[in-house]
Each structure stands twice: as structure tokens, then as C-alpha cells.
Amino acid sequence: MTRLVGEDIFFSLADDIIRKCDDAACEITFFHNAHGLTRLANSVIHQNVHTDETSVDIRVSRGDRIGVSSTNLITPAGMLDCLMNALEIMKASEPLEGFPGPAPKAQYKETDTFVESTAGWGPDERAKVAREAIARGKEDGLTLAGAVETTVAEIAVANSNGVRAYQPLTSFGCNFVAMDGQKDDPPSGYGALTGRDVEKADFAGTYDRACRKAVLGRNPVEIEPGQYDVVLEAKAFCELIEWFNYISLSGKSVQDGMSPLADRFGQKITGDLVTMIDDAYGSINAGLPFDLEGVPRQKLVLIDHGVAKAVAHSRFTAAKEGAESTGHGFGPGAMPSDALPLNIRMEPGEHSLDEMVKMLDGGIQVTRFHYVNGLLDTRKAVMTGMTRDGAWLVEGGEVKHAIKNLRFTDSMLEAWKRIEAVEKECHSCAAWWSAIGAYDIPAVLIRNFTFTGKTGKGS
Amino acid sequence: MEHLKAAMDRLKKLGCDYADARWVETKRENVILRNGKVEGVSRTVDSGVGVRVIADGAWGFAGVASAEEGDIVAAAEKALDIAKASATAKKEDVRLGEVEIYQDTYDTPVEKDPFDVPLDKKVQLLIRISEILHGNEKVVATEASTGGIHINKRFVSTEGADIRQHLVECGAGYEVTAKEGDEVQRRTFPNSFRGDWATRGWEHVEDMKLLENAERIRDEAVMLLTAEECPVGKRDIIIHGDQLALQVHESNGHPIELDRVLGTEISLAGGSFLQPELVGNFKYGSKIVNIYADSISPGGLGTFGYDDEGVKSRRTDVVKNGMFIGYLSSRECQALTGHPANGAMRADGWRNMPLIRMININLQPGDWELEDLIADSNGAIFLQTNKSWSIDDRRVNFKFGCELAWEIQGGRLAKPLKNPAYTGITPEFWSSCDAICNDKYWHIWGIPSCGKGEPMQSAHVAHGTSPARFRQIQVGGAA
């Protein structure tokens, strides 16, 4: 069982630092992370790791001069060195016009982000899941790869205005790739799961899904690139939304002019069926009720039935627009401009996944994408990437056969105008900040999605 | 850090097949200006110990952010427990290939320690750059940054290795975004994504000619606002060294990682088309394509004395006269395949287990003058500076976007083109290479953020390249 440091110790350390700041304002963020991860490949555990550490970020400011320092040496001497570094930087630095200083004291809603049973998991429990996945794969002659991980984390935010915010978190995640043989490019299937309570996790259903997809992926045929109607399963659609978030949904990306939402607020930028909300309180896995600047997280409607509505702000990017922070700042450990939504939900629709597949004729069902990139033309949200771990040609509403991987390249603003159906259920998809939040995403049916290339070995 | 040896003694007593421990202390300083204002000056200290154990024929790893003997020994015991848990799902015992065991030290040669350069000097340089970049009303955003890193490491093992290293890294770069109406374009210098980094001191930044190029880069961003879209079709292309570095990275560097080839990254980063039976039998590129891996090139961001399992740095040929002949390997992969460990096992700090990572993966220069190559390439497209990157999970089908392209007419870069992209199949692409510029144009581009592994690890790697020509490649605009 991972032991929590606890808010009393964090805030006592913070009080001590704030007292030593004299007349400088001070913001402090502690992050304690105990992470265990078991990786499997070729149906054996090949990596099994555990780390446990606490780090602190300190930002001091006097007027609009700031200094930042971080350390994982959480000792009186280490913390004092960190503060002295921050103060020295502040004195030597140039003013940052518009820097709003620390957030005022606030009240936060409660969110339930800690589950005792998850904190109790260790390498033996993770290895058991790995063994069971491997055994399931053997039933179909499949090789298993993937990972099982658990995290126990604590975040504490304090500042010289009296902000004291603390949240313990647990999370688990797993992903499995089942392969039919170990050759260069075997048929494969994928399943993944993330959540806060490991006792509620359906690991068996997840690796079973990966195995069933691998079996269905046998004997893939090559099809030519072109425009196809597609059903993007939640993981595939999530990879597009993850990139869309990165290029579009922060105050910084709008102020830089790179976001497809810049200059277009209030305008319809994509289809009616696209409504995206950042909601730490209503997501499948509850999120942090405050950001790393100590500002309460707002529920934020980002895109409402295709209309650009809002983006996430830190105190600094909000101040540039004469607005209030939305509670999405990354705090002293990042730049004052850095902010992102961390709990995006795409509003669900009315169809089941099976119903959407039945709506395809000559279309493609996609499990997930590989290596999506959204920087080709960010104003149009042009993205490219490859299908991976299971894609099928669907004719007359029936899965006809597996297909070899294809490359898509398309503008998401345009493609999402052609979303014709949305799954009635959201799935929690892991993000790289998964201890803090995740994406809640349904599958979608998109007409005329553009594939521009296919895989192959060449000469 | 004698406590590392205490941890090794404890593990020997408890019974392990092998163990090593790494103490790593990383100090960073970053200075970032956005829109001419100092938005981020930060110093970070990160220190801890990672212990790797083979017990009952399986791996375990535990890390702790502490320098206390009790904590380090406890981490060692935790790693042992984890190894025993891993052993419940093994097929065969993990074995390590035999290597020479060293007791040694290594220090990055540095002329000007970046931490000795006054903060004000760094800030003032970035302010002057920003002023130039903002010298056009169509510029809407700029960012300029510099940074320095000190890494102190000590590696000990139950085999008697004891290696101390002090590595120094330094880098800088800037970007400028121009906007007019709905059109937005960005240029960066000397390379995209945090510029160019090296295992050198502040002299690396001084050599970059950051100020001298700022006006040109700003004007190119503005020029792109009204440039024509890159045409679609098969064209001869010349790729500048900065973009070619990423091409080498994605289509050669990753697929030669032998752990990936053997499937250990399959669930996340994917596999590799360069399977073991292809070594010595596969035409990867044309006869002028020679690629080698090393951790010894002066200044390369992948240059050091020893890797994170104590293997001495060296050079390995990867592609010779177009034939695929070698991998990046580890001691475990050496035992499995016979491909010798070649100093490529690296971990992101103390908290991660080492993986096979790129070091310096370099394309050997050819003999062309760039001016001659451009003059010889009428109708070709010249592509510069990476904007986007994507490649499939076997590293075969790729698509890269660049910041800027030029159509070559009349023996010169005649017409700028916006939103250029090119796509291809890795061995077909490298087989179409018919000209590589000489060492006058060759530069080792330092990439400070190569991701791999679960948990995700970021490695510092480099690629030596000079501009090269490829025949009849599919090019096109972003969409």
C-alpha cells in the first residue's frame, strides 16, 4: 500500500516556504506520484517497474517579475535551495507584462478521485492480470503485448494569498495488443481501459476484446486509398480529439492565431453533432476540482453543436483578454500561458456501435490510429495518421473482411461536418495526464473520410 | 554515492542473478521569451536512484528520489520483489551478453559552461532576437528559448562496474508566427521544436548565428502568407539537412532499435519492418546511402562515455552502400540475437529503466555542392524544416510536413511554396536517393525530445545530415 504524504505535511512545508519569501508573492505546487507498471510483450512480462517520488514547483513574483524553480529534493535544505533559486531568477529577470500574480483564496467542489483498493495494488496483482491475458491469448494461438499500471498521486497547491488545495488521486490503466503470430506485420487487435477503481475494472473483457479483434483481423486484404465512410471506434476518434485539443483548445493557441477557433468564436466551425465539454465533475473518471494555480475548475462548453464557444485559460492568458481564468492553468511548473482542458467529453448520440456499423456500405470500421499528427495545417485542423490493430471493410452493414493498414489525411473541421451518427455511450480513454483526467469519447460515423496512402514494404 | 554499492551488496546477499544501480542528478535551466517578454525562467534539480535487478530469471526495477542509504537499499529490495513477480510470467530466463566491465569517468568537453553564462546575457540575447522577429506587423507571435543541462551520473553493478559521468548539454532556438486574414504560417530556426541542441557549452549557442538569421526567418514566415500551395504529384525533391534529420530519425533510427524489432514496444510505439533475417540481405537504400550509429561524434546530443548498462560508446554501421547491416543493441538483445551491445541503452533520468535508444544516427555525407545540386534539379521541390511527422507502426509508410518549400527553376530556388508535405515507403524512398551533399553542409542536429516506452521516456538524440536529393517522390499540400 502506497502511503500518502497528506495535506498537513504539504501545507506545513508550504507555510515555511511562504514565510521565507518576505514581500514576494509565492505559488507552490507539490506533486507526489507513486507509479507501478508491468509491461508484457511476446506473451511474457519484460518490464516491471515502480517509482515513488515527490516534486515541488515554486513560482515567486514581485509585481510582474517572476522566478521559477523545481526540485524533487523534498528536504528543508532542498526546498530552501529551490526557493533561493526562484528568488534569484526573479531578481535577474525582466518584467512579464500582464502577469496577474497568485490566485485568490477560493472554495472548491468535492470530487471523488481516490480509491483505496487501487492504492493497494502492487506488482503481484499486475502480474496476475498479465498472466491471465497471456493465457486468454493462447486459447486462440495469439501473442499478447501491453501494459497494466496503477498510480497513486497527490497534488497540493498553496500560495501566499491563502490558497490551500489538496487532492489525492488513484488511477489504473491497461492496454493489450493481441497478435496472430510474431512476423513483421501480423494481424492484431487492441483493447484498453482506464479508471480510478481497479476493483471495477473489466480486465478480462478488455484483453478478450483485443483477442477477438486479432482473430477477426486474419487474412487482411489490401484496398486502395480513397474516400470511405468510416466508423471510428472511441479510441480512434479520441486520438483525433486529443490532437484537436492540443492545437485548438487553449487560450495560448488562440492568442497565437494557430487554433482553428481563433477569430471564429460564435461561428459554426464543424457539424451539428459535435459538442465538446470539459467537465471535471461529470466525467466518467472525476477530475481535479482546481487547477495547478489553485483556481476552481469551470465546466466549459468548448464546442456547442459545431459552434466554437470557448477555450481553456490560465490566469495569464485570461488576463490578456480581460477575463477570468477558467481553472485550467498548469501552474508554477509550466509557463504562465500553459493551459488545457483535461476532462473533455464529446457528447454522446443515439446509436449503438453495432447500429452504426450496419449503416455502412463499402465503409471501414477503425479500431485505432497510429502516430496521428495535427500540425500539417492547424487552422483547418488537417491531420494524418495510420490505422492500426484492426480495420475492416463493411459491406451492406456486415463486416466483410479485415483490411491492411491505410493512411488518412483530412481536415477535421470538414470531416466532422460529415459526422452522421454518434454512439450513445462514452468510453473513458486515457490521456498522458491520466492520473488527473481522461477523455470521455463515443464512436462516430463519418461520411467520406479521406485515406491517402497504404502501407507496404516497397521494393 | 557509496550507498549504491551497499545496495548491490544487499542484493547479492538476498540472492539475485544480476543487479545495477544508477544515481542520476539532473540540473536544468530554461529561459523562454514569448512575444518578447520573459515568460519562463526556471531552474530544476532532479535527483534519485534507479535499481535494476534480475532475479529468478526476470527483470525488476524500482526508483527512489533519495540519496539516503536506507531508501536506496529499500528500493533495491523492492526491485527484487518486482523481479520475482515478473518471474511468474516468463518463458525463459533473462540473460545478459558478456561485455567488458569498466571503472572509469567521462566528462563532456565544454568551453563555456552554460550555467556560468549570466542569466541577463541569455535574456538580452533572446530579447534582441524577439525585437527583430517582431519587426513586421504581420507577426502575431514569437517564442525564443535557450537552455542548459548538467547530468551527473554514477553506475555500479554486481559485476564490478563503477562509472562516473558528467554530461553537459546546451541549446537554443526561436519561432515566429505570421498571420494575415485566415492564413497563418510559422518558421523556426535553427530547427523546429526547441531549436538545436548539443553536448557542448554556450559556445554551441554562439555558433548558431541566431541574430544573423532572425530577419530572414521572420521574412520567410511573412512571405509564406502569400505563397502558392505546394503542388500535388510525383516530383524530384531535395531535402534540407534539418528535415532530413527527422527523416533519418523516424525511418531509420527507430526501426533499428533491436528491442522494438523483437516486439517489446509493439503495444505502444510499434514494431519494425527491419526484421533480423534482413540483416545483410536487404536493400534499404541506394548505393550512396551510408548510415551509422555512434555515441562518439563530438558535440552530438547522443554523445557520452558509457550507456546506462555500462557499455562503452562506439560506432556501428547500420546501412552500408545501401544494404541494411546493423542494429542498435543491448546486453539482453546481444544474448538473444548475437548482435553486440553497442552503447545504446539509455534511461530518462533515474526513475526509468534503460531502453534501447537512438544515439547519433548519422547519414554519411556525399560529394555534391548544394549549389550544383540545385542547379542540377530543375523542376524539383526543395523542402526545409519539419512541421509535422507521422509514420506507421512498422516504420514503413511515412508522411512529413515541412514549414517551407521552394520550386527550383533555372538552377535556383525560384518560387516559395506553403504547406508542403511528402509521403513515401521507407525503402523505396531511400532507394531513390541519388545525391547527397558534402561535409561542408553536414551538421549534427540535436533533438532533445524523442519519446519511447511506457512510462514514456524522453531521450536526447542527434542526426548528422547534409541535404540530399530523392527522385520522384509524392509531394503535395497539407491535405
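**Exercise 1.** How far apart do the C-alpha centres of domain 1 of chain A and domain 2 of chain A lie?

*Solution.* This is a predicted model, in which local features need pLDDT of at least 70 and side-chain atom pairs count only at pLDDT 80 or more, while totals for chains, interfaces and linings use all residues. Residues are numbered from 1 along each chain as its sequence is written, and chains are lettered from A, with ligands numbered from 1, in the order in which they are written. Start with the bounds, which come from an automatic or database domain assignment: domain 1 of chain A covers 7-215 and domain 2 covers 220-454. Their C-alpha centres are 23 Å apart.

**Exercise 2.** How many residues does the contact take from domain 1 of chain A and from domain 2 of chain A?

*Solution.* Two residues are in contact if their C-beta atoms, placed from the backbone, lie within 7 Å. On this basis, domain 1 of chain A gives 40 residues and domain 2 of chain A gives 35 residues.

**Exercise 3.** At what angle do helix H4 of chain A and helix H2 of chain B pack?

*Solution.* Helices are DSSP runs (H or I, at least four residues), numbered from the N terminus. Axes are lines fitted to C-alpha atoms, for helices over the stretch in contact, and angles run from 0 to 180 degrees between N-to-C directions. Helix H4 (residues 123-139) of chain A and helix H2 (residues 69-86) of chain B pack at about 20°, their axes being 9 Å apart. H4(A) is therefore roughly parallel to H2(B), a term used for angles under 35 degrees. In the contact, Pro123(A), Asp124(A) and Ala127(A) of H4(A) meet Asp81(B), Ile82(B), Ala85(B) and Ser86(B) of H2(B).

How values were computed. Helix = DSSP H or I, 4+ residues; strand = E, 2+ residues; numbered from the N terminus. Parallel < 35°, antiparallel > 145°, perpendicular 65-115°, else oblique.
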